[in-house]
Amino acid sequence: MSFLKRQQPPVPVKTALLAGFGGAAAIGVLGMASTIGTPLLMAPFGASCVLLFSAPKSPLSQPANVVFGHAVSALVGLLCLAMFPAHWGAVAVAVGIAITAMALLRITHPPAGANPLVIFATSPSPDFFVFPVVSGAVLLVAVAWSYHRILKSDYPS
């Protein structure tokens, strides 16, 4: 067993470039929408773009996983922040609960596991759940769906 063995098959340059362009376009749309007044960007969305555009057939990339994974994880983070002091132990508990909830609900989306970290680091108001989390995740899925339609690729799977 080698920890450095690459498990992914080679990807054609065109495929890699299109994935990067898709991710840039999605974050660009969120950024542009944020200039209207409501912030829609948060760090975990960059990781969501990796899955949406580089691994769109993965179960972890499907719309329900992206939207509900982010929603559940953010809700857990907000509830834990309301119940516990902002301490690394509470953050650890929040991440663990978020992972458990996503797994039990069959909506695992790994980038969403970072939501409690963002929430504890920034102490946002409860409306963070709607803007940027849920609205941003929905918009990401809409951009990914449109992008894959243009490329005539299957998304969602």
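Student: Leaving aside neighbours within four places in sequence, which residues is N65 in contact with?
Tutor: Bearing in mind that this is a predicted model, N65 is in contact with P59, L60, H70, R106, I107, T108 and H109 once its neighbours within four places in sequence are left aside.

Student: And where does N65 sit, and is it buried or exposed?
Tutor: N65 is found in helix α3, and it counts as buried because its relative accessible area is 10%, where the cut-off for buried is under 20%.

Student: H109 was on that list, so where is H109 found?
Tutor: H109 lies in the loop that runs between α4, residues 88–105, and α5, residues 115–122.

Student: Why does H109 count as buried?
Tutor: H109 counts as buried because its relative accessible area is 0%.

Student: What does the side chain of H109 make a polar contact with?
Tutor: The partner is the side chain of S48, at 2.8 Å. If residues up to four places away in sequence are not counted, H109 touches S48 as well as L51, L60, N65, V66, G69, H70 and M102.

Student: What about T108, is it buried or partly exposed?
Tutor: T108, which also lies in the loop between α4 and α5, counts as partly exposed because its relative accessibility is 29%. Outside the four places on either side of it in sequence, T108 is in contact with L60, N65, M102 and A103.

Student: How far apart are T108 and S125?
Tutor: They are 17 residues apart in sequence and 25 Å apart in space, taken from C-alpha to C-alpha.

Student: Moving on to α5, which of its residues are buried?
Tutor: In α5, the buried residues are N115, P116, V118, I119 and F120.

Student: Zooming out, how many helices and strands does the protein have?
Tutor: The secondary structure comes to six helices and zero strands, so that the order of elements from the N terminus reads α-α-α-α-α-α.

Student: How compact is the protein for 157 residues?
Tutor: Its radius of gyration is 16 Å, close to the 15 Å that the globule rule gives for 157 residues, so the protein is as compact as a globular protein of that length. Along the principal axes, the C-alpha atoms fill a box of roughly 50 × 50 × 25 Å.

Student: And what share of the residues is buried?
Tutor: Buried residues make up 41% of the 157 residues, while the protein exposes about 9,000 Å², of which carbon and sulfur atoms supply 74%.

Student: Last one: among contacts with a separation of 6 or more, what percentage comes from residues 24 or more positions apart?
Tutor: For the contacts with a separation of 6 or more, residues 24 or more positions apart account for 74%.

Definitions and conventions: Residues numbered from 1 in each chain as written. Predicted model: local features only at pLDDT ≥ 70, side-chain atom pairs only at ≥ 80, totals over all residues. Heavy atoms only, no water. Helix = DSSP H or I, 4+ residues; strand = E, 2+ residues; numbered from the N terminus. Buried < 20%, exposed > 50% of the residue type's maximum accessible area, 1.4 Å probe, protein only. Polar contact = N/O pair within 3.5 Å; in protein donor to acceptor, adjacent residues only side chain to side chain. Contact = heavy atoms within 4.5 Å. Rg over C-alpha atoms; globule rule 2.2 N^0.38 Å. Areas by Shrake-Rupley, 256 points an atom, 1.4 Å probe, with all protein chains shown as cover.
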